[in-house]
Amino acid sequence: MKVIVGTKEEVVRKAAQRYVELLNRKPEAVLGLATGSTPLDLYAELARLCAEGKLSFAKAKSFNLDEYIGLEGTHDQSYRYFMDHNLFEHIDIRPENTHVPSGFVKDDAEAELYDAEIAAAGGVDLQLLGIGNNGHIGFNEPLTPFTSLTHIVKLTESTREANKRFFNSIDEVPTHAVTMGIHTVMLAKSIILMAFGTGKAEIIKATVEGRPTISVPASLLQLHEDVEVYLDHDAASLLS
């Protein structure tokens with residue numbers, strides 16, 4: 001793992017340059033994307049660079065990590081809606097080249113068809129990740145098998161509680177999601193993990209300096225050959 005630390009603004013700009021370099025070198029690159037509050041500033045920076053003509057997504061394809069089970073793409077808390085409104089509508093990517101797992105898959109066998117789509121596109125060149133307070137990446141909660149492909153997962157109460165702020169009540173938060181598996185994520189050629197704030201400091205220490213274990217899914221990224229971790233000073237505050 002390569003760890004990049006700075007102010008939030010500094011590390012967002014540095015992460016954005018990875019996309020400029022990749023898309024200038026390989027315009028048809030396949031991007032693995034994430035939702036949540038962590039990538040919002042990065043998406044705004046990518047949109048700004050695209051508007052200024054410094055990078056183009058016109059030939060790129062994207063595959064998102066996850067989606068809630070049971071939410072239509074038009075639901076304002078679906079991850080398809082999030083991506084459309086926070087990134088896709090502000091860059092020149094072709095809508096048909098953007099992929100988000102279906103929130104209506106019936107079983108894991110159907111969910112794994114997403115892996116086949118990714119493979120058919122040539123595999124993910126650069127996968128973006130946030131990290132949950134319990135170390136989850138995507139919705140791969142602790143003890144998710146290292147060999148997991150895209151699958152349906154029952155959300156832990158801590159994850160549902162963390163996402164409650166986006167809904168009117170905890171009762172509205174979906175109980176299940178479909179997510180790329182850990183193996184799916186590890187197949188990406190390069191990975192970026194971003195984390196900000198003191199609330200992520202403990203889990204970042206376990207991820208970067210702890211022993212790789214399925215109890216902390218993000219720690220398994222230590223086993224990948226090309227991972228960059230972008231942190232502000234607060235998130236990095238417990239690293240030795």
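Visitor: Why is Gly132 called buried?

Guide: The model is a predicted one. In it, Gly132 has a relative accessibility of 7%. Buried means under 20%, so Gly132 counts as buried.

Visitor: Is Asp66 buried or exposed, and how do you know?

Guide: The relative accessibility of Asp66 is 5%. The cut-off for buried is under 20%, and therefore Asp66 counts as buried. Asp66 is part of strand 4.

Visitor: What does UniProt list for "active site"?

Guide: The UniProt entry, which is unreviewed, lists Asp66, Asn134, His136 and Glu141 under that heading. Of these residues, Asp66, Asn134 and His136 are included in the lining of the largest pocket.

Visitor: What makes a residue part of that lining?

Guide: A lining residue has an atom within 4 Å of a point of the pocket. For the largest pocket, 38 residues line it. Those nearest its centre are Thr35, Gly36, Ser37, His136 and Asn163. The volume of this pocket is about 780 Å³.

Visitor: Which helices and strands each supply at least two residues of the lining?

Guide: They are strand 4 (66–68), helix 3 (79–86), strand 6 (126–129) and helix 6 (157–163). The largest share, 5 residues, comes from helix 3.

Visitor: How do the lining residues divide into nonpolar, polar and charged?

Guide: The lining holds 17 nonpolar, 17 polar and 4 charged residues. Gly counts as polar in this division, so Gly36, one of the residues nearest the pocket centre, is placed with the polar ones.

Visitor: How do you know that strand 7 and strand 8 pair?

Guide: Pairing requires at least two bridges between two strands. Strand 7 and strand 8 (residues 176–179) are joined by 4 bridges, so they pair, and they run antiparallel. Within this part of the structure, Ile152 stands opposite Val178 in strand 8.

Visitor: What is the strand order of the sheet?

Guide: The sheet is open, has 3 strands in the order 4-8-7, and its pairing is antiparallel.

Visitor: Why are strand 4 and strand 7 called edge strands?

Guide: Strand 4 and strand 7 (151–154) each pair on one side only, and are the edge strands. On average, neighbouring strands of this sheet are turned by 25 degrees against each other, direction ignored.

Methods
Residues numbered from 1 in each chain as written. Predicted model: local features only at pLDDT ≥ 70, side-chain atom pairs only at ≥ 80, totals over all residues. Heavy atoms only, no water. 1 Å grid on protein atoms, 1.4 Å probe; cavity = no way out; pocket = protein on both sides within 12 Å on 5 of 7 lines; lining within 4 Å. Points joined across faces, edges and corners; volume = space filled by probe spheres on them. Axes fitted to C-alpha atoms, helices over the stretch in contact; angles between N-to-C directions. Buried < 20%, exposed > 50% of the residue type's maximum accessible area, 1.4 Å probe, protein only. UniProt positions renumbered as here; feature names shortened; annotations may be inferred.
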